[in-house]
Amino acid sequence: MDAFIKMDRKSGLVWRRQFLAGMSAAAALALLPRHSEAVDTLPATKQLGVALVGLGSYSTEHLGPALRMTKYCRLTGVVTGSQTKGQVWANSYGFSSRNIFSYDTMARIAGNPDIDVVYVVTPNGLHARHCIAAAKAGKHVICEKPMATSVAECDAIIAACRSAGVGLSVGYRLHFEPHHLEFARLAREQSFGPFMQMTGANGFRMGSPEAASSAWRVNKKLSGGGALMDMGVYVVQAACMTKAEACPVAVTARLGPVTRPALFSEVEGSVQWTMEFADAAVAKCVASYDQTVGHFRAEAARGWAELGQPFGYAEPTLTTSQGPVVFPEMNEQVAQLDGIADCLIRGSRSPAPGEMGRRDVAIMQAIYAAATSGKRMVVNT
Ligand code: NDP
């Protein structure tokens, strides 16, 4: 059977072709992302204004372009250290110059009716400061991954958002990506039994330390850590997904060798770790700034599932012991931005809430503690 579900091709939100043999229409509908039906029935006129904080590579190459295609939100402002860059963005995206803010004038966003959501896309070590400033300005917050460099910072962000009564989401785009959503469904419904053995890796070979996007990533204060914080957070996320978002009870870990001292004097270039879950399931994981790698596989008693190129920008693949599961190409950032806008408009819970970002930072802190001490560390959440 070749069941085709199509709802909104332009937004990239929900359309998929499911090649699983014998699947009923009801089963096919069960595969829809949690927010898809809701998003498609929203009034087309309702659009939230989004301000991007930090106009670096992810904002420039992915989030800005996605905000030209979103249906339920659009770019209406920026926060940047460069007024000139801000003006280029204002001209290009068609918003007023009065919607360009600096990091020191973020409080003024409070009085700006064009901006509903502030999306923090600065180096990890600055997320807490910028998220808290956004919450204090009374705006909903989206914070890029990893949420912050410590659990204490995550707590401060969550508290600021609660106290301001605004929404908080982490920029986990894969929570809106159909192959990952299908993997999560297989885990949740235990289609093959509970997944018990997982392996995953994510990495790229980092270039020169002088490259703009590398500089803060190898600076401990700005990054909070190396390959684990940047690339490993995706593997931590995938492992928790296979256990229906359960947190591991304990971790063990080992840092890789310092392959390039000029780059990795403050942060790790690679790390291997194992996550142990309450039901004795185990995830063996790798994150690296030394090699380009990306895969994730989970095994259960009655079958397995495997994601190819699961964490980068290329379209992931999903294969299970029953065969390939194929979804047409989509834009993850468009789906994420519209999915979060949907939650905010409806007042429903984000699929990637602040508490999830905090959980992942707690796991990564335990991984660092395990790697440093050489001991098995219990994960305290
Ligand atoms: P870049 O280095 O390309 O951009 C960061 C931007 O932050 C800078 O251009 C600058 O913007 C601003 N900034 C403010 N203060 C500083 C500072 N002290 N040092 C450096 N930059 C500063 O980083 P990325 O865009 O690659 O990453 C930004 C965030 O997004 C990170 O948290 C990263 O983990 C996350 N990310 C998420 C991805 C995903 O797929 N979800 C993919 C890539 C990154 P300006 O010049 O406007 O002031």
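The ligand lies between two domains, because domain 1 (32-172) and domain 2 (178-329 + 354-378) both give residues to the shell around it. Those bounds come from an automatic or database domain assignment. This is a predicted model, so to speak of local features we need pLDDT of at least 70, side-chain atom pairs count only at pLDDT 80 or more, and totals for chains, interfaces and linings use all residues. Residues are numbered from 1 along each chain as its sequence is written, and side-chain values use heavy atoms, with hydrogens and water left out.

Now the shell. There are 25 residues around the ligand, where being near means having a heavy atom within 4 Å of it. T80, K85, Y103, K145 and R173 come nearest. By class, the shell has 9 nonpolar, 10 polar and 6 charged residues; Ala, Val, Leu, Ile, Met, Phe, Trp, Tyr, Cys and Pro count as nonpolar, Asp, Glu, Lys and Arg as charged, and the others, Gly among them, as polar.

For Y103, a polar side-chain atom is 2.6 Å from a ligand oxygen. For G56, a backbone N or O atom lies 3.4 Å from one. For W216, a side-chain N or O atom is 2.8 Å from one. On its own the ligand has 890 Å² of accessible area, and the protein covers 82% of that, by the Shrake-Rupley method with a 1.4 Å probe.

Which elements give two or more residues to this shell? They are α3 (57-67) and α10 (227-242), helices being DSSP runs of H or I with at least four residues, and strands runs of E with at least two, numbered from the N terminus.

Last, two backbone details. K145 and P146 are joined by a cis peptide bond, with omega about -15°. P146 sits in the loop between β7 (140-143) and α6 (151-164). A280 is not a glycine, yet has a positive phi of about 80°; its loop runs between β11 (270-276) and β12 (282-288).

Definitions and conventions. Polar contact = N/O pair within 3.5 Å; in protein donor to acceptor, adjacent residues only side chain to side chain.
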